[in-house]
Amino acid sequence: MSDTAPAAPQPIFTSDNTAGACEEIVRAVSAAAAGQDLPYGADRSTDGVRARFAEVFECDVDVLPVSTGSAANALSLAALTPPWGSVLCHRDSHINTDECGAPEFFTGGAKLVGLPGDDAKIDADQLRAAAGRKAGDVHSVQPSVVSITQATETGALYTLDEIRSLGLVAQDAGLRVHMDGARFANAVAALGCTPAELTWRAGVDVLSFGATKNGTMTADAVVVFDRTLTPELSFRAKRSGQLTSKMRFQSAQLDAYLTDGLWLRNAAHANAMAARLGDGLKALPGAELLHAVEANILFCRLPQPVVDRLLAEGFAFYHDRWGPGVCRFVTSFSTTEHDVDAFLTAVRRLTT
């Protein structure tokens with residue numbers, strides 16, 4: 001038998017989904033497991049989390065806890081879009097490239113129309129043109145909703161002015177507005193705006209509120225600002241298997257997540273680790289950042305031999321999906337300075 005201890009695993013930068021759960025979330029789930037409570041969202045925890053969301057967003061909202069972000073997106077779009085409608089989204093958005101047709105399935109056939117724009121952000125002029133294209137023509141799907149992703153798939157952030165601009169275009173065209181907020185906390189932490197300013201005050205009707213990537217276990221949510229949509233969403237949630245019988249476990253997670261600013265502290269830490277990684281890579285020969293680091297995602301081009309060697313040494317990150325040598329790195333609330341520095345040390349060794 002060897003006396004050599006196994007090597008410590010290398011840091012994982014493939015996704016913030018690789019992170020575990022916060023201690024506060026684990027304690028909340030444990031507390032929810034004690035005793036009895038009513039099922040299907042009639043419990044005390046779910047009542048409490050609705051009040052918590054109303055406080056955070058500075059308005060009365062309806063909240064539907066769900067198990068995945070894909071479910072939040074698909075249910076939201078189904079409530080906003082008729083089967084003959086179209087969802088105007090960026091062509092690189094998560095709903096268009098990574099949800100296996102779930103929005104089309106849940107809407108009963110609505111079409112996703114991909115629009116261009118730098119940094120995976122919808123261009124306002126392109127939205128204006130698409131919003132009027134074949135409107136009223138019975139031979140064509142009808143523009144019905146615009147979906148924006150905050151933060152985007154490249155880690156870019158819509159500024160408050162950009163969201164307002166898109167919201168005004170949508171309002172003028174009679175479109176509803178959905179926000180895919182899988183990394184909404186990272187955006188709020190980075191931009192310094194309030195959650196209300198970045199959503200309903202800028203014209204957003206429904207928010208897919210991500211939490212799993214940032215500290216919860218199995219809990220995301222649909223946050224409804226236009227509460228006339230709630231009855232339909234409720235029936236759709238039941239029909240899709242998202243009306244959880246013991247919803248109190250999801251609600252307890254979300255309540256703990258929003259308590260005392262935990263969600264924003266976690267996101268700020270993830271953002272800071274991405275900034276640390278980006279600053280370190282910029283200083284290394286052969287490394288080229290492809291976008292500004294605004295949230296917790298960064299893209300970098302590295303020499304292919306360096307990529308191959310890093311992977312062989314056990315570092316984990318996505319690569320080559322976006323072109324030769326292009327790598328994506330995602331940090332999380334559990335990423336440490338040691339994780340970042342260990343990776344930078346390895347890159348430095350391989351590039352100098």
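Me: Is Ser76 buried or exposed?
Reply: Ser76 is buried, at 0% relative accessible area. Buried means under 20%, exposed over 50%, partly exposed in between (1.4 Å probe, protein chains only). This is a predicted model: local features need pLDDT of at least 70, side-chain atom pairs count only at pLDDT 80 or more, and totals for chains, interfaces and linings use all residues. Residues are numbered from 1 along each chain as its sequence is written, and side-chain values use heavy atoms, with hydrogens and water left out.

Me: Which helix is Ser76 in?
Reply: Helix H3, residues 69–80. Helices (H or I, at least four residues) and strands (E, at least two) are DSSP runs, numbered from the N terminus.

Me: What does Ser76 contact, beyond its neighbours within four places in sequence?
Reply: His178, Val206, Ser208, Val222 and Leu233. Contact means heavy atoms within 4.5 Å.

Me: New topic. What is the strand order in the open sheet of four strands?
Reply: S8-S9-S11-S10, with antiparallel pairing. Two strands pair if DSSP finds at least two bridges between them. S8 (288–289) and S10 (318–319) are the edge strands, each pairing on one side only.

Me: And how many bridges join S9 to S11?
Reply: Five, between residues 297–301 and residues 326–330. Phe299 stands opposite Arg328 in S11.

Me: Now H10. Why is it largely enclosed?
Reply: Because nine of its 11 residues (248–258) are buried. Among them are Arg248, Gln250 and Tyr257.

Me: What follows H10?
Reply: Asp260 does, with a positive phi near 55°.
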